[in-house]
Amino acid sequence: MKIIICLDYSSLTEEVLNTTKSFINSLNSAEITVLHVIDEQLFYATTGYEIQLGEDLESESKKLEELCIQYLGADVNYMVEYGIPKLKIDEMLMQINYDLLIVGRHSRHGLGDRLVGSFAEHILRNSIKPVLIIP
């Protein structure tokens, strides 16, 4: 089974990884790819701090990669892409062969996304393959 996990680096990342680890351990074998998209829109709003922002985002990405290895093992395929997350993930999912997509249900954006985060809802509405949303 080929599994894609879409993650960002947030307070809920370890919870998603731990639940994913439990799920994967119940499978006989799985090929795991973690897709992390660094939101390029963050660079549009900054003035003069782009270098520091880039360094901070790279540092977070490295921490996320280390967590993925810690929870999912050294064989995890970790991919970092830059772009608008929803669009870039849609693009990448069209290119990668997978059987299951795992995403976390969390919100970084106000009241409208409280029940199901906007990204998780987007995935649910547009995915052509099975999706596991981890609360």
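Student: Let me start with the rings. How many aromatic pairs are there?
Tutor: Zero: the count of aromatic pairs comes to nothing here. Keep in mind that this is a predicted model.
Student: OK, and what lies over the face of Tyr-98?
Tutor: That would be Lys-129, at 4.9 Å from the ring centre.
Student: Let's zoom out. How many helices and strands does the protein have?
Tutor: There are five helices and five strands. Along the sequence they follow the pattern β-α-β-α-α-β-α-β-α-β.
Student: And how much of the protein is buried?
Tutor: Buried residues make up 37% of the 135 residues. As for contacts with a separation of 6 or more, 76% of them are accounted for by residues 24 or more positions apart.
Student: Now helix α1. What span should its 13 residues have?
Tutor: Helix α1 covers residues 13-25, and at 1.5 Å a residue it should span 18 Å. Its end C-alpha atoms are 18 Å apart, so the two agree.
Student: Which residues of α1 are buried?
Tutor: Thr-13, Val-16, Leu-17, Thr-20 and Ile-24. They cover an arc of only 95° around the axis, which means they sit on the same side of α1.
Student: What do those buried residues pack against?
Tutor: They pack against the strands β1 (2-6), β2 (31-39), β4 (100-104) and β5 (131-134), and against helix α3 (50-72).
Student: Switching topic: which residues touch the most other members in the largest nonpolar core?
Tutor: That core has 18 residues, and the ones touching the most other members are Ile-5, Leu-7, Ile-32, Val-34, Cys-68 and Leu-72. At least two residues each come from β1, α1, β2, α3 and β4. The largest share, five residues, is supplied by α3.
Student: Last one! Which residues does the second core include?
Tutor: Among them are Leu-93, Ile-96, Phe-119 and Ile-123. This second core is separate and has 15 residues.

How values were computed
Residues are numbered from 1 along each chain as its sequence is written. This is a predicted model: local features need pLDDT of at least 70, side-chain atom pairs count only at pLDDT 80 or more; totals for chains, interfaces and linings use all residues. Side-chain values use heavy atoms; hydrogens and water are left out. Helices (H or I, at least four residues) and strands (E, at least two) are DSSP runs, numbered from the N terminus. The expected span of a helix is 1.5 Å times one less than its number of residues. Buried means under 20% relative accessible area, exposed over 50%, partly exposed in between (1.4 Å probe, protein chains only). The arc is that of the directions from the helix axis to the C-beta atoms. Contact means heavy atoms within 4.5 Å. A nonpolar core is a set of buried Ala, Val, Leu, Ile, Met, Phe, Trp, Tyr and Cys residues joined through side-chain atoms within 4.5 Å. Rings of Phe, Tyr and Trp (its six-membered ring) pair if their centres lie within 6.5 Å; planes under 30 degrees apart count as stacked, over 60 as edge-to-face and the rest as tilted. A charge sits over a ring if NZ of Lys or CZ of Arg is within 6 Å of the ring centre and within 35 degrees of the ring normal.
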